[in-house]
Amino acid sequence: MIGGVAIAIVLIYIVRLFTLQLLSDDYKKNADSNAFLKKIEFPSRGVITDRNGKLMVYNQPAYDIMVVMNEAKDHIDTLELCESLGITKEFFINRMEEVKDRNKNPGYSRFTQQLFMSQLSDKEFSVFQEKIFRFPGFYVQKRSIRQYMYPYAAHVLGDVGEVSESDIEDDDYYQAGDYIGKLGVEKSYEKQLRGEKGVQILLRDAHGRIKGKYQNGKYDKKPVAGKDLTLSIDLKLQALGERMLEGKIGAIVAIEPSTGEVLSMVSSPSYDPRMMVGRLRGKNHLRLSRNVWKPLLNRAIMGQYPPGSTFKTTQALTYLSEGIISQGTTFPCHHGFSYKGLHVGCHGHASPLALTEALSTSCNGYFCWGLYYMIGNRRKYHSVQNAMNVWRDYMVSMGFGYKLGIDLPGEKRGLIPNADYYDRAYRGSWNGLTIISISIGQGEVNLTPLQIANLGATIANRGYYYVPHVVRKVQGEPLDTLFTRKHYTMAKQRAYNAVVAGMRSSAIKGTCKYLGHSNIVMCGKTGTAQNRGQDHSVFMGFAPMNNPKIALAVYVENGGFGADFAVPIARVLMEQYINGKLSPDMEKEATMLQKRRIAYGSRNR
């Protein structure tokens, strides 16, 4: 028994020595914290400019108060510390408990610096700096915070906020108190913008006083600044777009067809990005998140809407490419599509009519007949399911039904139904009449404003598009090849030429005839998307007709006919971008559009 006890004691000592020397670093940390102070140096975050070099986002110096719990003494004059920082004693007590709470602060160590208070201004810092020697364990750490030059493009730029627990778990670059991009390009280009941290190793004496750099800085690491971003956004066009949607709910997306670069992305209502800076960010974010009009929602890429008659261009492309119609094919329209007791209404116009006039007048009947003959063509497709899936494949090739892949977080995919969708909905018993409303951009079809704008860019290019992107250049690295590859659709080029002719006719004498008054050769297609309340006003188009410089979509919720709001807004934007400024007459028009409000009432959106 005595031998067994002795052996057990020896084993216990061996296990304990093994744990202390090899598995635990507590004593090493304690020794290192007595001898060294590792001071993190934060890099300058990359700045952001618009496509013309105008500075949009930059950095300002700020100061964090850090605390090392193992050094913070009980005899600190808490009242004086609180007065120096402008905080209450209750805040001090609660914050010290939060720092030590491993659930709230998973990276906590009593031997390393922990964030106590963030983003002090120069004035606040100077007051505290004078008395910091009285508060052992407390240190000042310099960093930079974001500043936004203009009250525009909040949804594109996004903002920066303190890391969450999940951020720390996902990437060991971060520790409690660090900052990370939360929305917009600040989030999607976080790794390029953030740079690399540096570190200074300072030597301390037995009393904790800093004696200088350890080995003259041999093991120090300098911070590496983040990479600068050049956006594709045109700041003037962005500001004008936000003016046009004041007092309205909706979105505008403008794209350069030849590159896929997003020239403007507006979501309304919006907010001033300067609200999301500093210690008030949390309160402002909470207030915005509780707003019933959802100003934090980027409707340009997250809003999923019926495209209305803008979708008729995709139907024309499909019917022509599949040989269902030719450019000279005519269909009747007696105030709409009527067949076997089903009626889809339409406004008055000449009948019968061919494709160009059907696009120009936005005839519902024409495109309903086209879908009916395509889905019912058993000689070509053998079944309605096969015909439906061919239709679906055309839509997907045009960039619908899936995310386009824009370099912003939160993009939605919209909805393009297929045969399985309708088989489940109608238990296999359906035909072209059952789903006729999809031919005019209603029913189950939903697109984002970004997808509608990309449709305009694809037609402008006569059959291909680049994935839309808001970042034009990243300092020191090439643009992702995702944004430099052409994506060709299934539709034939001759079909695109026919659709362009119809959109130009619409601008001259059709539903977009307001565009015909411009000296720029514009092409467009209106949409009046049905809604439970007032219809949505929609436009999709591009300019000039040949060698296009801009394609865009305008979506105004409850704006009525496409010509009521969307068309005049689109013309103002296209003239601004192509001419570089607005004529006096167009400036008056822009001011009138800005003043026109839509009464949305108190609906909970």
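Eleven bridges join strand S3 (residues 55-67) to strand S5, and the two run antiparallel. Strands and helices are DSSP runs, of at least two residues (E) and at least four residues (H or I) respectively, numbered from the N terminus; two strands pair if DSSP finds at least two bridges between them. Gln 147 in S5 is the bridge partner of Tyr 58.

This is a predicted model, in which local features need pLDDT of at least 70 and side-chain atom pairs count only at pLDDT 80 or more, while totals for chains, interfaces and linings use all residues. Residues are numbered from 1 along each chain as its sequence is written, and side-chain values use heavy atoms, with hydrogens and water left out.

Strand S5 (residues 138-148) is largely enclosed by the rest of the structure, because eight of its eleven residues are buried. Buried means under 20% relative accessible area, exposed over 50%, and partly exposed in between (1.4 Å probe, protein chains only).

The structure holds 21 salt bridges, each a side-chain nitrogen of Lys or Arg within 4 Å of a carboxyl oxygen of Asp or Glu. Three of them are listed here.

| Salt bridge | Closest N and O atoms |
|---|---|
| Arg 45 with Glu 186 | 3.0 Å |
| Arg 146 with Glu 186 | 2.9 Å |
| Glu 587 with Arg 243 | 3.3 Å |

Arg 146 lies in strand S5 and Glu 186 in helix H8, so this pair ties together parts 40 residues apart in sequence. Both Arg 146 and Glu 186 are buried. Arg 45 is also buried, with a relative accessible area of 10%, and Glu 186 has 0%. Arg 45, Arg 146, Glu 186 and Glu 190 are linked in a network of salt bridges.

Glu 587 is partly exposed at 32% relative accessible area, as is Arg 243 at 23%.
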